[in-house]
Number of protein chains: 2
Amino acid sequence: MTVDLVILTVRQDRLRVLLIERGNQPYLGRPALPGGFVRHGETLDETALRELSEETGLDGRKLHLEQLHVYSDPDRDPRGRVVTVAYLALGPDMPLPVAGTDATAARWEPISSALTDGMSLAFDHAAILRDGLERARSQLEHTTVAAAFCPEPFTVGDLRHIYEAVWGFKLDPSNFRRKVTRTAGFLEPTGERRFPETGRPANLYRRGPASLLIPPLLRSGEVSS
Amino acid sequence: MTVDLVILTVRQDRLRVLLIERGNQPYLGRPALPGGFVRHGETLDETALRELSEETGLDGRKLHLEQLHVYSDPDRDPRGRVVTVAYLALGPDMPLPVAGTDATAARWEPISSALTDGMSLAFDHAAILRDGLERARSQLEHTTVAAAFCPEPFTVGDLRHIYEAVWGFKLDPSNFRRKVTRTAGFLEPTGERRFPETGRPANLYRRGPASLLIPPLLRSGEVSS
DNA sequence: CCAAAAGTGTTACACATACACCCATGC
DNA sequence: GCATGGGTGTATGTGTAACACTTTTGG
């Protein structure tokens, strides 16, 4: 029994997933999601946190982490019966991960290229990644997890860039602002401002206590450009 | 590794869960969710379908079945390490189940009493049941699964009774009708009508091909009485 | 006729969209 | 001044909530 991690972040306005290059058989040298076997006496959450730090050097306490789905096809691993529990992790742009125990390389791969046919991820990881991406997109509609992608403090524009990167289309800045600022508990003003290279300074915020978005922020509001 | 099932139905206008009485140690004689061990070479979906028929005599192909969550606390089973994958099953009012291999009794228990302290379900099944109930309530908002509770053909009133039983409050009949009939692909008219003991006859419908409810049918619309 | 459930119409309101417009800063 | 993003205002449309009302049956 294993845990595999779909770790997403936004870097340079692109949604990216953390991939490792496999250092062992099977699928030696092929890109894959980080993951590993559950140890005796560990909960799955503990396994996920441990793999996160072992394979990527990331601190799981700063990330949003949730169970995604279990993949149990008897033929999914050529070594034999391996059931895997996939986790979805969302976090702010993080320092480049270091190669870990059974990974010879790790990188932040843009989602678009990670899902092309040419990439051919190990095992059924392409399917797991697709499911994780769809879950992340859906979570942005109904919860405030998008803020987990932003290093604090952040501006409304930062948050909008997250939505645009994850959903893959532009949003209307003024309507977006209204929606997030009117949802009580989503954003907490710090009172500070950030001065960009050019343009009016923006108010800075921290994540608020709310976790659900009621009413939801629907993806249907796609806008040109 | 096991699969446990939260099987819900609506019977006599009450939401009910299928509970068995345990025939083995541990928790001998205590009420529990049906479930059992995953066999070699089986996917989890197959295990869920097999347990469904073995323990309850129900045909899983007529039910809506989905993965719920994995429960992995090392102490959740006194026999040792048992990770369980919970499934949620929703179906129409079904023939009384027959007692199966490791169950000495099975019954449709109203949700309200199944979750009282006095019931004290085996293992962590009370927590699993609570999670399943919340998932079912949420699914009714965003998908058309409510129709899975209705034997075909059914009326708009039948469907409304499902929502009322699962959510635990009354809905406005006229507004409900508008919402479900205007969602393309939710209901397919059969052209037939049903004549109640008293009152105007109602049009009959079958489930349509749609599975998502856009826009969602929100729970916030609670109404008095 | 009455009771009961099905089904329609209507008004008021909340919210979203689209877009015009103003604000504050660096250059 | 100008460019650039931040931020506000507003008209129009869409869907919901609340509830009055009509329809169709059995008794």
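**Exercise 1. How many nonpolar, polar and charged residues does the surface near DNA strand C have?**

Solution. This is a predicted model.
- Step 1: DNA strand C is surrounded by 23 residues. A:Ser174, A:Asn175, A:Arg193, B:Ser174 and B:Arg177 are the closest.
- Step 2: Sort by class. The surface near DNA strand C has five nonpolar, nine polar and nine charged residues.

**Exercise 2. Find which elements supply the surface near DNA strand C, and which gives the most.**

Solution. 
- Step 1: List the elements with at least two residues each. They are helix 5 (173-182) of chain A, and helix 5 (173-182) and strand 9 (202-207) of chain B.
- Step 2: Pick the main contributor. Helix 5 of chain A gives the most, with four residues.

**Exercise 3. Identify the parts of DNA strand C that face selected side chains.**

Solution. 
- Step 1: Start at a phosphate. One of its oxygens lies 2.8 Å from a polar side-chain atom of A:Arg193.
- Step 2: Go to a base. A side-chain N or O atom of B:Arg178 is 3.2 Å from a base oxygen of DNA strand C.
- Step 3: Take a sugar or linking oxygen. A polar side-chain atom of B:Thr198 lies 3.4 Å from it.
- Step 4: Look at the whole strand. Among the atoms of DNA strand C within 4 Å of the protein, 56% belong to sugar or phosphate, and the rest to bases.

**Exercise 4. Decide whether the radius of gyration of chain A agrees with that of a compact globule.**

Solution. 
- Step 1: Describe the chain. Chain A has five helices and nine strands.
- Step 2: With 225 residues, a compact globule would have a radius of gyration near 17 Å.
- Step 3: Compare. Chain A has 18 Å, so the value agrees.
- Step 4: Of the 225 residues of chain A, 49% count as buried.

Conventions
Residues numbered from 1 in each chain as written. Chains lettered and ligands numbered in written order. Predicted model: local features only at pLDDT ≥ 70, side-chain atom pairs only at ≥ 80, totals over all residues. Heavy atoms only, no water. Near = heavy atom within 4 Å. Polar contact = N/O pair within 3.5 Å; in protein donor to acceptor, adjacent residues only side chain to side chain. Nonpolar A, V, L, I, M, F, W, Y, C, P; charged D, E, K, R; others polar. Rg over C-alpha atoms; globule rule 2.2 N^0.38 Å. Buried < 20%, exposed > 50% of the residue type's maximum accessible area, 1.4 Å probe, protein only.
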